[in-house]
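Student: I have a new model to look at, and I'd like to learn how to read it. Can we go through a few features together?
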Amino acid sequence: MPRTIELVQVTLQALTSFAIAGGLLYTAVQFRQAQKAQLVANFSKLVELQFGLRQMRVLNPALVSEHERESDKLRTDHDIQQYYVNLMQLSLFEIAWYAHKHGQLPADYFDSWTKRMRQLGGEPAFRNMLNNPAMKILHDDFDSYVRALVLDPPRA
């Protein structure tokens, strides 16, 4: 009888130890996922703020300086609005790209964005914006990704 009690005690201690280890592992995984989600949220917020600045120029082209107009070859208010709307679309895609890169956006949804951006990349105004040497604040990997996506021929 004492041997059985001892065996039960050891078994329960082992189960308790495994449960604690499993709980710690689960907590670590959850913590990692929370960090990823916060990283994507912070990135998204920065891009959203940038989006807001671009939107102000779409709504009020007079906010674009003469230097920007000349260096970016933005002759008319329509040119300015078209340029910044394209940048705004690029901003939204950058958020989708970053979220997908960090496992926060499913592949099928991201693929639909990719198809649409490839279509946009065929539009002359979008290509002009992308090829404009003016400073665009983009993640370097994203910039390379978009250029490859837009400049490479579509895959069948």
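Student: Okay, let's start simple: in which helix is V8 found?

Tutor: Keep in mind that this is a predicted model. V8 sits in helix α1, which covers residues 2-59.

Student: Is V8 buried, partly exposed or exposed, and why?

Tutor: Buried means under 20% relative accessible area and exposed means over 50%, with partly exposed in between. V8 has 44% relative accessibility, so it counts as partly exposed.

Student: Now for charges. How many salt bridges does a search of the whole structure find?

Tutor: For a pair to count, a side-chain nitrogen of Lys or Arg has to be within 4 Å of a carboxyl oxygen of Asp or Glu. Searching the whole structure turns up two. One of them joins the side chains of K101 and D141, at 3.6 Å from N to O. That pair links distant parts of the chain, 40 residues apart: K101 belongs to helix α3 (residues 77-101) and D141 to helix α6 (residues 140-151).

Student: And where do D143 and R147 lie?

Tutor: Both are in helix α6, four residues apart, which is about one turn of the helix.

Student: What are the relative accessibility values of D143 and R147?

Tutor: D143 has 22% and R147 has 26%. Use the cut-offs again: D143 is partly exposed, and R147 is partly exposed as well.

Notes
Residues numbered from 1 in each chain as written. Predicted model: local features only at pLDDT ≥ 70, side-chain atom pairs only at ≥ 80, totals over all residues. Heavy atoms only, no water. Helix = DSSP H or I, 4+ residues; strand = E, 2+ residues; numbered from the N terminus. Buried < 20%, exposed > 50% of the residue type's maximum accessible area, 1.4 Å probe, protein only.
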